[in-house]
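Look at the model first, then follow the charged pairs.

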Amino acid sequence: MIVNSLYIASWAVAVVVLLLLFFAAKKKVGFGTRVLIAMVLGVVVGAAFGKEATDLGTIGSIYVNLIKMIVMPLVVATIISSITSVSDPNMLRKIGTKTIALFLITTGIAAAIGVVVAVIIYPGAGIPYVQDAKFAAREIPSFLKVFMDLVPANPVNEMATGKVVPVIVFAMFVAVAITIEGNRKPESVRPIKEVIHSFAQVMFRVTKLIIRLTPYGVFGLMAAMAAKYGLASLLPMGKVVIAVYIACLLHFVLTYGFLVTFVARVNPIRFLKKIYPVLAVAFTTRSSYATLPVNLEVITKRLKVSDRIASFVAPLGATINMNGCGGLYPAIVAIFVAKVFGIDLTITHYLLIVGSAMIASIGVAGVPGPASISTTVVLASVGLPIEGMAMVLGIDAILDMARTAINASGTTVSSLVVAVTEKEFDREAFNNEVDEELENYDVSSRNGGSKTVVTG
């Protein structure tokens, strides 16, 4: 009876919190402020009611499912729309080269930072290896399998099964075909281009409706997380958590800070304020795909990057930009496993960790569970026992929040840098305009890389 009472009480408190968030929106309290309030209240409620508040995660799960619902159509619409708006194939190739190069370089730097932090903190020291009977090592896919996974065999099936990379490849083929046919017979492809551009606007309107639910979803996700994990479960693996979060913070400040301040030449504090919704959604949902709609909106509306750059870089970034999952995390886990098993690593091993992390970040893009696969590849390349990874899986959800935030924020940084180099960044609007609420987002034109027009 006591358990049932606490369970009911947790839901009663949750309803009160949701109502408070609703009235805060009515009173025009800022979107970022409401998300922050939801995060704090979620942790408080989850910690207060413990396991009885676990089911509050249903609220967050509904939100995440709604976000996932729009990812595929949004990716298809934005990819085709952005590519068909670029009439010069050489320019498209240049943008793609810059984007992928940025992803690779920053992932390598993230892995190096992970190595340095792990060597200093040495997570795993004094922790005996405990065999997990339920652990099954992930099989490293062969190069041919990875390559085949990137090629769409049935686009509809790929969409249904959530395989984003093959969908992107399919969308690119369609976009290139439209561009080629448009150069030959402009009138024949004009109707489909108009339909796609209109569909993209509709998808952004759907996105607007779902994004308004973010504070409620964040509350549910954080309440369930706080209810499921406590300090007691974190203490034995505390150094791993600390190492990952410190590495993420250093990568954000040093790597992203350098790119924003010295390459894009914008105020890093203002940049951080503008991308806060991306960090909040990525941290709580733990999904780059779920964060994609918010990321697209922030890049175009708050960072003032052209639709053409944002629509190309953001979907690609949600797929292969893995500074957190494929860079610093595998490096830290590798050193953790080495310490647990008493294996000494040399400078050669550290270089191998960084190199294999960079390669794995691209190579496993089409494979589910990229963080565990990337880590498996890195451990295998250095000759470390893969089963040691099982010890960190118990705290993976907590680590994944920081990893995903780094991945998603890296996409915003890359979009900004590419836009600056391509002169598709409205610096004056970035510096002078007051940040507008994401709920008021509207796209009135997506042709020719034009700037996003905000209404309402």
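The model is a predicted one. Searching the whole structure turns up 5 salt bridges. Three of them are described here, pair by pair.

**A pair between distant parts of the chain**

Lys 98 and Glu 422 join their side chains in a salt bridge, with N to O at 2.6 Å. The two partners are 324 residues apart. Lys 98 sits in helix H4, which covers residues 89–121. Glu 422 belongs to the loop between helix H19 (396–421) and helix H20 (427–432). The pair thus links distant parts of the chain. Lys 98 is partly exposed, at 28% relative accessible area. Glu 422 has a relative accessible area of 13% and is buried, because the limit for burial is under 20%.

Arg 190 forms a salt bridge with Glu 187, and their closest N and O atoms are 3.2 Å apart. Both residues lie in helix H8 (residues 186–211). They are 3 residues apart, about one turn of the helix. Arg 190 is partly exposed, with 42% relative accessibility. Glu 187 reaches 55% and counts as exposed.

Arg 403 and Asp 400 meet through their side chains in another salt bridge, at 2.8 Å from N to O. Helix H19 holds both, again 3 residues apart, about one turn of the helix. Are these two partners buried or exposed? Arg 403 is buried, at 2% relative accessibility. Asp 400 is buried too, with a relative accessible area of 10%. Elsewhere, salt bridges that share partners join Lys 94, Lys 98 and Glu 422 into one network.

Why can residues at such a spacing pair up along a helix? An α-helix has 3.6 residues a turn, so residues three or four places apart point the same way.

The table sets out the three pairs.

| Salt bridge | N to O distance |
|---|---|
| Lys 98 and Glu 422 | 2.6 Å |
| Arg 190 and Glu 187 | 3.2 Å |
| Arg 403 and Asp 400 | 2.8 Å |

**Helix H19**

H19 holds the pair Arg 403 and Asp 400. H19 is built from 26 residues. From its first C-alpha to its last, H19 reaches 37 Å. That is close to the 38 Å expected at 1.5 Å a residue. H19 is mostly covered, with 24 of its 26 residues buried. Just after H19, Lys 423 takes a positive phi of about 55°.

**The contact of H15 with H19**

Helix H15 spans residues 307–320 and packs with H19. Their axes lie 9 Å apart, at an angle of about 145°. The crossing of H15 past H19 is right-handed. Which residues of H15 meet H19? They are Ile 309, Val 313, Ala 314, Gly 317 and Ala 318. On H19, they meet Thr 411, Ser 414, Ser 415, Val 418 and Ala 419. The residues of this contact divide into 6 nonpolar and 4 polar, with no charged ones.

**The chain as a whole**

The secondary structure comes to 20 helices and 0 strands. Of the 456 residues, 54% count as buried. Among contacts with a separation of 6 or more, 85% come from residues 24 or more positions apart.

How values were computed
Residues are numbered from 1 along each chain as its sequence is written. This is a predicted model: local features need pLDDT of at least 70, side-chain atom pairs count only at pLDDT 80 or more; totals for chains, interfaces and linings use all residues. Side-chain values use heavy atoms; hydrogens and water are left out. A salt bridge is a side-chain nitrogen of Lys or Arg within 4 Å of a carboxyl oxygen of Asp or Glu. Helices (H or I, at least four residues) and strands (E, at least two) are DSSP runs, numbered from the N terminus. Buried means under 20% relative accessible area, exposed over 50%, partly exposed in between (1.4 Å probe, protein chains only). The expected span of a helix is 1.5 Å times one less than its number of residues. Axes are lines fitted to C-alpha atoms, for helices over the stretch in contact, and angles run from 0 to 180 degrees between N-to-C directions. A crossing is left-handed if the near helix is turned anticlockwise from the far one by less than a right angle, and right-handed if clockwise. Contact means heavy atoms within 4.5 Å. Ala, Val, Leu, Ile, Met, Phe, Trp, Tyr, Cys and Pro count as nonpolar, Asp, Glu, Lys and Arg as charged, and the others, Gly among them, as polar.
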